[in-house]
Amino acid sequence: MFCIIACHIAQQSGDLKTAYLLNGGVYSFLLISGMLLGSKKVDNTKCFYISRFTRIFVPYYLLILLYLLLYAFRQIPLGWKIIFNIAGLQWFVSGIEKTGHLWYITCISICNILTPICQKIFDKLNLKGTAFWAVAVISGALCFTVSWFLPISGMYIYVFLFGYVYSKCYRNIDDSSTDNAEKAVALLGFISILGRIVAEFFFNISLPLLVEDISEILFGFSLIIFFKRAFFKFHRLEKAVFNKGGVLYYLDSVSYEIYLTHHVFILGVLSCMDITEYKIVNIILAFVLAVASASILHVLSNMIIGKIRKRECNF
């Protein structure tokens with residue numbers, strides 16, 4: 001969440017090099033999502049879909065309604081592309097002006113659609129050790145190659161599936177132990193991101209897209225391994241960082257809504273980034289407004305989601 005917010009702040013400031021680096025937070029989020037879902041069992045596909053898609057689309061549609069009202073108030077023409085916002089297909093065709101960040105709705109929806117299918121496949125497969133890493137490398141290369149011929153990047157779906165299969169077949173997300181292969185990949189992740197920073201920021205070398213994607217994916221995996229080990233070794237650290245009464249715990253609970261709302265205050269029609277002459281003040285104001293609006297959206301969404309789930313699945 002912090003990476004994506006910082007990415008859009010850098011983008012608004014014109015620092016695209018930093019923005020592209022921070023955009024790697026998307027890979028990390030998809031990797032974590034895959035690992036979490038891979039550690040769970042889907043017993044009822046219908047209820048799984050209802051649970052996941054109400055969580056995604058109820059706050060999303062409330063946001064779209066807000067956009068419609070906001071654009072009407074400011075007399076900004078919507079145009080026919082609004083249909084792609086309503087259908088949640090912005091990854092394939094961009095929607096209305098200044099809603100480009102919502103491409104992710106399509107991406108995470110596809111990932112959730114694939115989850116029960118993946119469960120049926122990988123419940124019967126046993127990918128361990130070298131076999132897992134061989135399949136991961138080969139499938140990653142295929143996804144990157146196919147992406148050249150598609151309007152979307154298949155690497156985002158690949159990262160989610162990698163996380164899912166890793167957690168499902170190789171190591172459960174609650175298992176903090178690591179083998180030599182995981183340690184080697186984690187070390188490679190830290191080295192690759194450091195090498196990229198040195199190359200791009202100190203020597204002004206433009207790296208190929210493939211190298212950038214690999215560095216972001218490996219670094220995301222490295223961070224997850226690092227924090228799993230840190231929280232396992234230092235039990236008090238996790239409680240101190242994510243205690244239920246703490247700020248980070250709360251921000252985590254509304255992180256999806258913050259993702260939805262922050263863009264309008266940074267790059268959108270309500271941007272606060274030029275409201276004062278002090279950049280840090282503008283950033284703080286944008287973040288505060290994003291959290292406040294996300295909190296309201298979270299409360300309203302939960303009221304609606306609770307009723308839908310209770311009626312459809314007796315949750």
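Helix 3 crosses helix 10 in a right-handed sense, where right-handed means that the near helix is turned clockwise from the far one by less than a right angle, and left-handed that it is turned anticlockwise. The model is a predicted one, in which local features need pLDDT of at least 70 and side-chain atom pairs count only at pLDDT 80 or more, while totals for chains, interfaces and linings use all residues. Residues are numbered from 1 along each chain as its sequence is written, and side-chain values use heavy atoms, with hydrogens and water left out.

**Helix 3 with helix 10**

- The axes of helix 3 (residues 25–38) and helix 10 (residues 209–233) come within 9 Å and cross at roughly 50°, the axes being lines fitted to C-alpha atoms over the stretch in contact, with angles from 0 to 180 degrees between N-to-C directions.
- The two helices are therefore oblique to each other, since angles under 35 degrees count as roughly parallel, over 145 as roughly antiparallel, 65 to 115 as roughly perpendicular and the rest as oblique.
- Helix 3 brings Tyr-27, Ser-28, Leu-31, Ile-32 and Met-35 to this contact, and helix 10 brings Asp-213, Glu-216, Ile-217, Gly-220, Phe-221 and Ile-224, where contact means heavy atoms within 4.5 Å.
- These contact residues comprise 7 nonpolar, 2 polar and 2 charged, with Ala, Val, Leu, Ile, Met, Phe, Trp, Tyr, Cys and Pro counted as nonpolar, Asp, Glu, Lys and Arg as charged, and the others, Gly among them, as polar.

**Helix 3 with helix 6**

- Helix 3 also packs with helix 6 (residues 103–122), at an angle of about 20° and with the axes 11 Å apart, and these two helices are therefore roughly parallel to each other.
- In this contact, Val-26, Phe-29, Leu-30, Ser-33 and Leu-37 of helix 3 meet residues of helix 6 including Trp-103, Tyr-104 and Cys-107.
- The residues of the contact between helix 3 and helix 6 divide into 9 nonpolar, 3 polar and no charged.

**Helix 4 with helix 13**

- The axes of helix 4 (residues 45–73) and helix 13 (residues 255–266) come within 10 Å and cross at roughly 20°, in a right-handed crossing.
- Among the residues that meet here are Arg-55 and Tyr-60 in helix 4 and Glu-257 and Leu-260 in helix 13, and the contact as a whole holds 9 nonpolar, 1 polar and 2 charged residues.

**The second largest pocket**

- The lining of the second largest pocket has 17 residues, of which Ala-136, Val-137, Tyr-158, Ile-217 and Leu-218 lie nearest the centre of the pocket; a pocket is an open set of points on a 1 Å grid over the protein atoms alone, where a 1.4 Å probe fits, with protein on both sides within 12 Å along at least five of seven lines, and lining residues have an atom within 4 Å of a point.
- Helix 7 (129–147), helix 8 (154–170), helix 9 (180–202) and helix 10 each supply at least two lining residues, and helix 7 gives the most, with 6 residues.
- This lining divides into 16 nonpolar residues, 1 polar and no charged.

Methods. Helix = DSSP H or I, 4+ residues; strand = E, 2+ residues; numbered from the N terminus.
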